[in-house]
Amino acid sequence: MRRQRGKSDPIDAENAARAVLAGTATAIPRSAEGSVEMIRHLKVARDGAVKARTQAMVTLKALIVTVPDELRQQLRGLSKMALIERCAGLSPGPVTSPTASAKHSLCAMARRWKGLNDEVKEHDILLGKLTKAHAPDLVDAFGIGADTAAEVLVTIGDNPERIRSQAAFAKLAGVCPVPASSGKTTRHRLNHGGHRHLNSALYRVATVRMRFHQPTIDYVAGRTAEGKTKQEIIRCLERYLAREIYQLIKAQQTTRTAA
């Protein structure tokens, strides 16, 4: 309908009303009344702090390229943390020369990075506690830490019963297989729809397991021997991960309901 009629608020409202009347709008919205909403608040704050921390480091290194040569030589070859500590400890004194102004700016950005890093660690501790309390089995799964578990839980919401099947969850995550066959070639490709943050989380878990999880390593070797490409293997792994995560969430929901 959007391709046929364009987009505006009245058109979107009319399309939504027609979908409800026709019975095709059957999705249930996420609720925001439990611990998952608390996790979402912390996740938003953490992601913002991580983005700002990355920007501070990028700006710091970009400035080092243009500082006076004497100062640049002192900072050359240092590791990330050593660079932060060295810059944070600079004493510019009166800002009366380019070297002094460069020291002042480097010190300010290094201290900003350290402050943001402490903030991220604080968010990580709180996220770890909340996700562990809400979904312990999900957090304990191989390659799924507190941040990935938080992304999964935030996408699902406080009412996971709204996702009725594994296939629905796979479609929500953008990992359901889409036929891409042609002629004598029979293959599937990744679905480019779905929730992109959840899809990115599953991709990270898949890459971690491909490197450190022995059953996954053996699976990759077998599929490679069959002639599958790396992209196709990752597509299969993401689909398996969606099934595993859905089962963990449903089992936890059943346990919570019984309790």
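Trainee: A cavity here is a set of points on a 1 Å grid over the protein atoms alone, where a 1.4 Å probe fits but cannot get out. How many cavities of 30 Å³ or more does the structure hold?

Mentor: It holds one. Keep in mind that this is a predicted model: local features need pLDDT of at least 70, side-chain atom pairs count only at pLDDT 80 or more, and totals for chains, interfaces and linings use all residues. Residues are numbered from 1 along each chain as its sequence is written, and side-chain values use heavy atoms, with hydrogens and water left out.

Trainee: Okay. How much space lies in the largest cavity?

Mentor: About 40 Å³. That volume is the space filled by probe spheres set on the points, which are joined across faces, edges and corners.

Trainee: Which residues line the largest cavity?

Mentor: Ile-156, Pro-160, Ile-163, Phe-169, Tyr-246, Ile-249 and Lys-250 (an atom within 4 Å of a point). By class, six are nonpolar, none is polar and one is charged. Nonpolar covers Ala, Val, Leu, Ile, Met, Phe, Trp, Tyr, Cys and Pro; charged covers Asp, Glu, Lys and Arg; the others, Gly among them, are polar.

Trainee: Which helix gives the largest share of that lining?

Mentor: Helix H12, residues 230-258, with three residues. Helices (H or I, at least four residues) and strands (E, at least two) are DSSP runs, numbered from the N terminus.

Trainee: Now the largest pocket. How much space lies in it?

Mentor: About 240 Å³. A pocket is an open set with protein on both sides within 12 Å along at least five of seven lines.

Trainee: Which residues lie nearest the centre of that pocket?

Mentor: Lys-43, Asp-47, Glu-151, His-195 and His-197, out of twelve lining residues. The lining of this pocket divides into two nonpolar, three polar and seven charged residues.

Trainee: Where does the lining of the pocket come from?

Mentor: H3 (35-66), H8 (146-156) and H10 (196-212) each supply at least two residues. H3 has the largest share, four residues.

Trainee: What is Thr-148 in contact with?

Mentor: Leave aside neighbours within four places in sequence, and Thr-148 is in contact with Ala-201, Arg-204 and Val-205 (heavy atoms within 4.5 Å).

Trainee: And Leu-172, where is that?

Mentor: Leu-172 is in helix H9, residues 166-173. Leu-172 is partly exposed, at 26% relative accessible area. Beyond four places in sequence, Leu-172 is in contact with Thr-155, Ile-163, Gly-194 and His-195. Leu-172 and Thr-155 are 17 residues apart in sequence, yet 8.9 Å apart in space, C-alpha to C-alpha.

Trainee: Zoom out. How many helices and strands does the chain have?

Mentor: Twelve helices and two strands. The chain is more spread out than a compact globule, because its radius of gyration is 24 Å, well over the 18 Å that the globule rule gives for 259 residues. That radius is taken over C-alpha atoms, and the rule is 2.2 Å times the number of residues to the power 0.38.

Trainee: What does the C-alpha trace span?

Mentor: About 70 × 50 × 50 Å along its principal axes. Buried residues make up 34% of the chain. For contacts with a separation of 6 or more, 63% join residues 24 or more positions apart.

Note on methods. Buried means under 20% relative accessible area, exposed over 50%, partly exposed in between (1.4 Å probe, protein chains only).
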